[in-house]
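Please open the model in your viewer and keep the sequence panel beside it. The stops below are meant to be selected in turn.

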Amino acid sequence: MTSQPPTVSEARLLSVLDTAVDGIIVIDERGRMLIFNKACEDLFGYPVAEMVGRNVRELMPPEFSVDHDSYLANYLATGERRIIGIGREVRGRHADGTVFPIELSVGEARTPDGRQFIGIIRDLRQRKAVEQRLNQLQAQLVQMARVNAMDEMGAAIAHELNQPLTAVMLYLQALKRKLTRDGDETGPDPAILEILSKASREAERASSIIQRMRHFVEKREPDRQAVDLGKLIDEALELTLLGNDGAGVEVVRDEAIDLPRIEVDPVQIQQILINLIRNAIEAVRTRQERWIRIAVRVGEGRLSVEVEDSGAGIPKETVRSLFKAFATSKKSGLGLGLAISRSIAQNHGGDLLVEPGGEGRGATFVLSLPLTPAASGKAG
């Protein structure tokens, strides 16, 4: 006996089912699938012909599928609704075993062949991904606002501290002059004068550090000038190691002799150096062997700074997104440091690259900057 061709109304229904954007499944009272449309085929990864007649629980993860038949039987016996006529967010299982979120709405129809249940299924993966991204961006925006506020506070604090430090230096100088002027026949005690001189030098050093901090957090236009990169590294180390941030970490310097001066914005390049040094210190903080190496090389019209650490290296899966904004594994960071650093380097005609290391080797970041005719003089 041959099957009858579908009527016009049936053909229209099948056409609607196959062109629907959402997945549509019709099951009978025993949970067997009577209709499994094209959208469901794309959604779950099973061919239509393979799924018709099979139990719908095969599309559910184990925690849902194990109780589905009993839920359906309980509804038929008692009329107690759990999802029918209500709709809710549940999870589906793809043919490859992947579990993903879906929105499921179920309606009921009474037919000559018994009750049937029509499920409308909507894939929520894209919406969930957008929601997660929006939540991340919101958290990052809040953090950026805090960072911006800290920048402004840092500049204000540095300005306020500079005044009492200047006063301390003046008092120390006045005391030294008074001791020298009012000393007895043997003159002032040399030990006291030495202590005063050391105190004055430390106060001047603190004032210099605060001044550099002010310059570092100031928002201003780029100002390129010929600078000694070695001195920029000195200052970056001094700012980075403030507060014993690098306690227990050995810093090894390896620089070529007679380095040329280089034409850059010193504050921006120092920002890169500070970020690389801080990252290197963070990478070795829990290691038994804790050191970072800073090497400066000249070659092929470029000056390169290598920052190597004794850490565990960078995982391969992390390298690809390392220089992307907001890509970070740190709880306290925004993931902007390396992205901004590479942007600064490229704006200077250079680049920032990484050798990820691993297998007993730490990572090495390489900052490359071009030498220009205007910056061909030697550092001095």
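**Ground rules**

This is a predicted model, in which local features need pLDDT of at least 70 and side-chain atom pairs count only at pLDDT 80 or more, while totals for chains, interfaces and linings use all residues. Residues are numbered from 1 along each chain as its sequence is written, and side-chain values use heavy atoms, with hydrogens and water left out.

**The whole chain**

Colour by secondary structure to begin with: the chain has 10 helices and 12 strands, where helices (H or I, at least four residues) and strands (E, at least two) are DSSP runs numbered from the N terminus. Of the 380 residues, 33% count as buried, and here buried means under 20% relative accessible area, exposed over 50%, and partly exposed in between, computed with a 1.4 Å probe on protein chains only. If contact is taken as heavy atoms within 4.5 Å, residues 24 or more positions apart account for 60% of the chain's contacts with a separation of 6 or more.

**Select α7 and α8**

Two packed helices are described by the angle between their axes and the distance between the axes. Select residues 229-240 for α7 and 266-284 for α8, whose axes come within 9 Å and cross at roughly 50°; the axes are lines fitted to C-alpha atoms, for helices over the stretch in contact, and angles run from 0 to 180 degrees between N-to-C directions. That angle makes α7 oblique to α8, given that angles under 35 degrees count as roughly parallel, over 145 as roughly antiparallel, 65 to 115 as roughly perpendicular and the rest as oblique. The crossing of α7 past α8 is right-handed, a term used if the near helix is turned clockwise from the far one by less than a right angle, with anticlockwise giving left-handed.

Now show side chains for the residues that make this contact, among them Leu229, Leu232, Ile233 and Ala236 of α7 and Ile269, Leu273, Ile277 and Ile281 of α8. By class the residues of the contact are 12 nonpolar, two polar and two charged, where Ala, Val, Leu, Ile, Met, Phe, Trp, Tyr, Cys and Pro count as nonpolar, Asp, Glu, Lys and Arg as charged, and the others, Gly among them, as polar.

Gln268, Ile269, Gln271, Ile272, Asn275, Leu276 and Asn279 on the α8 side meet Gly337, Leu338, Ile340, Ser341, Ile344 and Ala345 on the α10 side, and by class the contact has seven nonpolar, six polar and no charged residues.

Within α10, the buried residues are Leu338, Ala339, Ser341, Ile344 and Ala345, and what covers them includes α8, β11 (351-355) and β12. Following α10 is glycine 349, which has a positive phi near 85°.

**Select leucine 367**

From that cover, move to strand β12 (residues 364-370), where leucine 367 lies. Leucine 367 counts as buried, at 0% relative accessibility, and, leaving aside neighbours within four places in sequence, its contacts include Ile269, Ile272 and Leu273 as well as Ala345 and Leu352. Its C-alpha atom is separated by 5.5 Å from that of serine 304, 63 residues apart along the chain.

**Select glutamate 300**

In the loop between β9 (291-299) and β10 (302-309) you will find glutamate 300, which has a positive phi of about 55° although it is not a glycine. Glutamate 300 is exposed, with a relative accessible area of 84%.

**Select asparagine 55**

Next, go to the loop between α3 (48-51) and α4 (62-78), which holds asparagine 55, a residue that is buried with a relative accessible area of 12%. A polar atom of its side chain lies 3.4 Å from the backbone oxygen of arginine 30, and a polar atom of the side chain of asparagine 55 also lies 2.9 Å from the backbone nitrogen of arginine 57.

**Finish at glutamine 173**

Lastly, select residues 125-182, helix α5, in which glutamine 173 has its place. Glutamine 173 is partly exposed, with a relative accessible area of 31%, and its C-alpha atom is 8.4 Å from that of serine 197, 24 residues apart along the chain.

Technical notes:
A polar contact is a pair of N or O atoms within 3.5 Å; within protein, one must be able to donate a hydrogen and the other to accept it, and residues adjacent in sequence count only if both atoms are side-chain atoms.
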